[in-house]
Amino acid sequence: MHLGCWAHNFAYRHCGSCRCYVYEERRGWSNTKPPGDALPNRLLAVDSSCRIELAAGALWDLLRIEYVRVALTHLGYPLYVLIILGVWRIPGALTLLAPRLPRLKEWAYAGAFFDYTGAMASHLLKGNHGSQWIGPAIFSGFTLLSWGLRPASRKLPNAARSSEGNLGISWAVSVLTVAAMLVVAFFTLPKGAPPQ
Amino acid sequence: MTIVEKKATASKWFYWVPTGLFLFAQIPAGFADLMRVKSAADILGQLGYSLYLLTILGVAKLLGGIAILYGRNQILKEWAYAGFTFDTLGAAASYCFAHDPFVKILMPLIVLALVLVSYWQWRAEQVSSALPRNSQPPRFRPSLGSL
């Protein structure tokens, strides 16, 4: 049984780096990726960083650590926004990691993009320094990159019928990855207020 | 008029009435936000937000309205529906957290219902327009696969 490529959450058959032989109904046994169905390796970092940010951000928000409290008060938002954003971000990260669900992924990408561009616009309209809005700006760029580069098996409209690797294992890996991100984020929480 | 044509006309009405209603609420609201009309600014102030949020929301509402009315780009339309859903849910949650009366919480939820009916009809239209002309359209049944 082939689980799919490790770099793509065990869901895809080929990512161009694994080179393992897999069987597909149409192509038979092969160790090369079908055209247009995988992310280039060096873009994986971009792709995964925006999911890590979502999960870590969710934990920061839900724990209401001082860092985000100070930043939010400075921007002039009420603190309950942290609950709204934090609650949205965890299912968002999980949706982006999970196999299939192309339409839900579309909504998650939309939400992440609105989130980052909203943060960037808030810093800009507040007249903050470039160092403060450059972070959200970079992440909104990453979101667009990750969205534009998603493999064909995760795009509307053909994804619903695409046969990916083992769905159960791929779901389990997604959930465990989000849990691991949350644990790592918990142990690396920033202390104190952000630099102004 | 055959039954198929009647059904097609009915589904058009079911799309355009909710769409028109919520766009009729959202597009003027977008303009009002951008002009920083006093009533909008007051509501935002009571909820504890800064005034510049009006600019962000106003631009977002207008762009979303254009994307839905234009309608050719399906992904853009999908994102616009997502945006209006997040916007109305966020508004309802904000009223909730600010301990406002139930009527105020209900208003964005009514708009949300219109958005979702419009979205549902649009998806059904997508399904039936993929079929050959004059064939009996199947009912749009949402399932895990349609996510």
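How are H1(B) and H4(B) oriented to each other? They are oblique. The legends below describe close-up views of a predicted model.

**View 1. Helices H1 and H4 of chain B cross at roughly 60°.** H1 covers residues 3–35 of chain B, and H4 covers residues 74–97. Their axes come within 13 Å. An angle from 65 to 115 degrees would count as roughly perpendicular, and one under 35 degrees as roughly parallel. H1(B) and H4(B) are therefore oblique to each other. Their crossing is left-handed. H1(B) brings B:Tyr15, B:Phe22 and B:Gln26 to the contact. H4(B) answers with B:Lys77, B:Tyr81, B:Phe84, B:Asp87 and B:Thr88. Sorted by class, this contact of H1(B) with H4(B) holds four nonpolar, two polar and two charged residues.

**View 2. Helix H3 of chain A packs on helix H4 of chain B.** The angle between H3(A) and H4(B) is about 135°, and the axes are 10 Å apart. Roughly antiparallel would need an angle over 145 degrees. This pair is therefore oblique. The crossing of H3(A) and H4(B) is right-handed. From H3(A), the contact uses A:Ile83, A:Ile84 and A:Trp88. From H4(B), it uses B:Phe86, B:Leu89, B:Gly90, B:Ala93, B:Ser94 and B:Phe97. By class, the contact of H3(A) with H4(B) has seven nonpolar and two polar residues, with no charged ones.

**View 3. Helix H5 of chain B packs against helices of both chains.** H5(B) runs over residues 102–129, 28 residues in total. From first C-alpha to last it reaches 40 Å, close to the 40 Å expected at 1.5 Å a residue. Which residues of H5(B) are buried? They are B:Ile105, B:Pro108, B:Val111, B:Leu112, B:Val115, B:Ser118, B:Tyr119, B:Gln121, B:Trp122, B:Arg123, B:Ala124 and B:Gln126. An α-helix has 3.6 residues a turn, so residues three or four places apart point the same way. The buried residues of H5(B) pack against H4 (102–126) of chain A, together with H1 and H4 of chain B.

View 4. B:Arg36 sits in the loop between H1 and H2 (38–47) of chain B. With a relative accessible area of 39%, B:Arg36 is partly exposed. B:His99 is placed in the loop between H4 and H5 of chain B. B:His99 counts as exposed because its relative accessibility is 72%.

**View 5. A:Arg89 is a buried residue in helix H3 of chain A.** Its relative accessibility is 12%. Burial requires a value under 20%, so A:Arg89 counts as buried. Leaving aside neighbours within four places in sequence, what does A:Arg89 contact? Its partners are A:Leu54, A:Gly57, A:Ala58, A:Asp61 and A:Asp115.

**View 6. A:Ser140 is buried in helix H5 of chain A.** This helix spans residues 130–148. A:Ser140 counts as buried because its relative accessibility is 5%. Neighbours within four places in sequence aside, A:Ser140 is in contact with A:Phe113, A:Tyr116 and A:Thr117.

**View 7. A:Leu79 lies in the loop between H2 and H3 of chain A.** H2 covers 66–75 and H3 covers 81–97. Is A:Leu79 buried or partly exposed? At 30% relative accessibility, A:Leu79 counts as partly exposed. Not counting residues up to four places away in sequence, A:Leu79 touches A:Arg64, A:Arg69, A:Leu72 and A:Thr73. A:Val68 is eleven residues from A:Leu79 along the chain, and their C-alpha atoms are separated by 9.3 Å.

**View 8. Chain A has six helices and two strands, and chain B has five helices and zero strands.** From the N terminus, chain A runs β-β-α-α-α-α-α-α. Chain B runs α-α-α-α-α. Of the 196 residues in chain A, 44% are buried. Of the 147 residues in chain B, 36% are buried. Now take contacts between residues at least 6 apart in sequence. In chain A, 65% of these contacts join residues at least 24 apart. In chain B, the share is 61%.

Methods: Residues numbered from 1 in each chain as written. Chains lettered and ligands numbered in written order. Predicted model: local features only at pLDDT ≥ 70, side-chain atom pairs only at ≥ 80, totals over all residues. Heavy atoms only, no water. Axes fitted to C-alpha atoms, helices over the stretch in contact; angles between N-to-C directions. Helix = DSSP H or I, 4+ residues; strand = E, 2+ residues; numbered from the N terminus. Left-handed = near helix turned anticlockwise from the far one by under 90°. Contact = heavy atoms within 4.5 Å. Nonpolar A, V, L, I, M, F, W, Y, C, P; charged D, E, K, R; others polar. Expected span 1.5 Å × (residues − 1). Buried < 20%, exposed > 50% of the residue type's maximum accessible area, 1.4 Å probe, protein only.
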